[in-house]
Amino acid sequence: MREKVRRHLGKVLTGAALAAAGTAAMVAVTLPGTAGAGESGGASGGTRAAGQAGPGPDAAPPGVVERAPAEAERGTGRDPLTDDELGRVEKAALAGRLSALGENVTGARGPQRLSIDLAEPEAGETDDPDAPRRADVAFYDYKNDTLVTRTVNLSTGKVERTDTQRGAQPPPSRAENAEAARLLIASPLGAGLKADYKDATGKDLTSPDQLELSGGIYRAAPGAQPAVLDACGTHRCVRLFSKVRNGPWIDTRDLVIDLSARRTAALDRG
């Protein structure tokens with residue numbers, strides 16, 4: 001890994017180059033660009049010209065920054081969920097056995113929250129202005145590798161439906177990407193990542209907080225991975241896109257972290 005990764009240090013790859021090189025990845029990644037010197041120079045030149053000319057008689061008055069209006073506790077219709085609603089629906093969705101028996105990505109009690117989204121209206125409610133607002137709360141339970149989605153009525157606070165799926169693998173959350181990086185850093189397979197991080201920064205890599213991370217789900221394909229990853233798809237497995245904070249990308253796409261089994265493996269690229 002070290003020889004391969006080193007080629008990427010010292011430069012920022014374009015989004016197109018990374019996408020072309022990583023077509024087997026489950027997500028597309030767009031890398032940030034950097035402003036050119038000409039762009040910043042043009043802006044400063046424009047500022048100087050404006051300063052020399054001075055404001056004209058029809059110049060707009062200086063802008064005023066106003067305080068954002070206070071957010072209501074409850075939304076209406078198809079309004080986005082408010083912070084208050086997000087807190088209430090997560091608490092309602094976690095009630096009962098799921099909270100007591102579930103397990104999150106770190107092994108702690110309670111399932112891993114993935115997302116909270118405003119639910120689609122039920123049949124016959126589309127044109128009803130008084131239709132109840134609902135939220136779909138998705139969790140991944142690492143105790144038994146299941147995706148649990150609970151639909152909560154925002155008016156009553158009650159769970160109206162629970163859907164449980166095995167083998168369903170939504171994109172990883174930020175917490176899951178961080179835990180995958182933590183496992184990789186602690187693994188012998190993370191030696192190349194740590195060496196290249198030190199080459200780029202002069203510092204030791206000890207925490208996921210030192211990286212900018214995104215990730216995609218990896219599913220097992222016949223002959224495409226070592227046997228240790230054959231359960232990926234039933235297990236929750238992640239491939240990471242890793243970037244030094246304010247620095248270059250480090251290629252970790254050939255490494256897969258099985259979050260369910262808490263182990264890492266390298267894909268054979270021939």
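**Close-up 1. The salt bridge between Glu90 and Arg113 in the predicted model.** In this predicted model, Glu90 and Arg113 form a salt bridge in which the closest N and O atoms are 3.0 Å apart. Glu90 belongs to helix α4 (residues 83-94) and Arg113 to strand β1 (residues 112-118), so the pair ties together parts of the chain that are 23 residues apart in sequence. Glu90 counts as partly exposed because its relative accessibility is 22%, and Arg113, at 39%, likewise counts as partly exposed.

**Close-up 2. The salt bridge between Arg161 and Glu122, and the network that includes both residues.** The closest N and O atoms of Arg161 and Glu122 lie 2.5 Å apart in this salt bridge.

**Close-up 3. The salt bridge between Glu179 and Arg182 within helix α6.** In this pair the closest N and O atoms of Glu179 and Arg182 are 2.6 Å apart. The two residues are 3 residues apart in helix α6 (residues 174-186), which means that about one helical turn separates them. Glu179 is buried, with a relative accessible area of 5%, whereas Arg182 counts as partly exposed at 41% relative accessibility.

**Close-up 4. A network of salt bridges with shared partners.** Side chains of opposite charge can pair when their charged atoms come close. For the model as a whole, the count comes to 11 salt bridges.

**Close-up 5. Asn246, a residue other than glycine with a positive phi value.** The phi angle of Asn246 is near 60 degrees. Asn246 is placed in the loop between β6 (237-244) and β7 (249-250), and with a relative accessibility of 79% this residue counts as exposed.

**Close-up 6. Arg262, a residue other than glycine with a positive phi value.** Here the phi angle of Arg262 is near 55 degrees. Arg262 is found in the loop between β8 (255-258) and β9 (263-266), and its relative accessibility of 39% means that Arg262 counts as partly exposed.

Notes: Residues numbered from 1 in each chain as written. Predicted model: local features only at pLDDT ≥ 70, side-chain atom pairs only at ≥ 80, totals over all residues. Heavy atoms only, no water. Helix = DSSP H or I, 4+ residues; strand = E, 2+ residues; numbered from the N terminus. Buried < 20%, exposed > 50% of the residue type's maximum accessible area, 1.4 Å probe, protein only. Salt bridge = Lys/Arg side-chain N within 4 Å of Asp/Glu carboxyl O.
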